[in-house]
Amino acid sequence: MLSEKVEEYLGVIYRLELEGKRPRTTEIAKMLGVSPSSVTAMLQRLASEGLVEYESYKGVKLTEKGKKAAARVLRRHRLAERLLTDILGVSLEDSHEEACRLEHVISLSLERKIADKLGNPDTCPHGNPIPTEDGEVAIPDDLSLSEIEPPAKVVVTRLTDENKPLLSRLVSLGILPGEEIQVKARAFKGAPVIVSVRGSEIALGNDVASKIRVAPPHRRRYRRRRGWRGGCLD
């Protein structure tokens, strides 16, 4: 049985890997709100338990054992987010933090009941893919808004950063999965991008734009990623 803290670390590492990144200590520390030294100590522990491969200054990588555990955590988390927003009426910006509490106490049998009640959704409320019970993840074939050259018309596919302050801002601006955005202008690469959303023009910094994934209208393709068989953790 994995502890809540171990599950939290595995979930964060897995999210970063699904975005094509090699997770670094500083990035994990920022996402979890802890010190880099605390992350280093935990990564060394996870490595000793065969859940990750870790070398100082070279980042961390989940092992197959670690991926199996992380996929289960992420599936429970994103199903919990859908339950909270779709059934209980919790706001999009609050759902992530609440799901962080629930993901550690949902059993496999309850997970299946939640999935069935929700109609086995493919994505969480933020548009990110929910791993299937057998470990498949549908990776959207999309780009970050910061990569789009203006002028262009795109549709928001997902929001990759689920922290409350950023989500609250994006919700207030109407930047949500399924929303159409007009990319109007940008002075140079890395500069703020000017977009039009629901008739209002907004300047988004490069850091914020990089966390908004988009695709051309009427196109949303996925790449299937299969890694392992899911199962009840023990």
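Guide: We may begin with Pro151, which has its place in the loop between β4 and β5. Strands such as these are DSSP runs of E with at least two residues, helices are runs of H or I with at least four, and both are numbered from the N terminus. The model is a predicted one, in which local features need pLDDT of at least 70 and side-chain atom pairs count only at pLDDT 80 or more, while totals for chains, interfaces and linings use all residues. Residue numbers start from 1 along each chain as its sequence is written, and side-chain values use heavy atoms, with hydrogens and water left out.

Visitor: Is the peptide bond from Pro150 to Pro151 cis or trans, and what is its omega?

Guide: It is cis, as omega is near -5°. Most peptide bonds are trans, and most residues other than glycine have a negative phi.

Visitor: What is the phi of Asn120, and what is that of Arg198?

Guide: Phi of Asn120 is near 50° and phi of Arg198 is near 55°. Each is a positive value in a residue other than glycine. Asn120 belongs to the loop between α6 (108-118) and β3 (136-140), whereas Arg198 sits in the loop between β7 (193-197) and β8 (200-204).

Visitor: Is Arg198 buried or exposed, and how do you know?

Guide: Its relative accessible area is 56%. With a 1.4 Å probe and protein chains only, under 20% is buried, over 50% is exposed and what lies in between is partly exposed. Arg198 is therefore exposed.

Visitor: Which class does Asp86 receive by that scheme?

Guide: Asp86, in helix α4, has 42% relative accessibility and therefore counts as partly exposed. Its C-alpha atom is separated by 36 Å from that of Arg186, 100 residues apart along the chain.

Visitor: How is Ile148 classed, and what does Ile148 touch?

Guide: Ile148 lies in the loop between β4 (143-144) and β5 (152-159). At 11% relative accessibility, it counts as buried. Contact means heavy atoms within 4.5 Å; not counting residues up to four places away in sequence, Ile148 touches Leu143, Val154, Val183, Arg186 and Val214. Ala215 is 67 residues away from Ile148 in sequence, with a C-alpha to C-alpha separation of 9.4 Å.

Visitor: What makes Asp142 buried or exposed?

Guide: Its relative accessible area is 6%, so Asp142 is buried. This residue of the loop between β3 and β4 is in contact with Thr157, Arg158, Arg213, Val214 and Ala215, leaving aside neighbours within four places in sequence. From Asp142 to Arg213 the C-alpha distance is 6.2 Å, although they are 71 residues apart in sequence.

Visitor: What is the angle between α1 and α3, and what is it called?

Guide: Helix α1 (residues 4-18) meets helix α3 (residues 36-48) at about 95°, with the axes 11 Å apart, so α1 is roughly perpendicular to α3. Lys5, Val6, Tyr9, Leu10 and Ile13 in α1 meet Ser38, Val39, Met42, Leu43, Arg45 and Leu46 in α3.

Visitor: How are α4 and α5 oriented to each other?

Guide: Helix α4 (residues 64-87) and α5 pack at about 130°, with their axes 8 Å apart; they are therefore oblique to each other.

How values were computed
Axes are lines fitted to C-alpha atoms, for helices over the stretch in contact, and angles run from 0 to 180 degrees between N-to-C directions. Angles under 35 degrees count as roughly parallel, over 145 as roughly antiparallel, 65 to 115 as roughly perpendicular and the rest as oblique.
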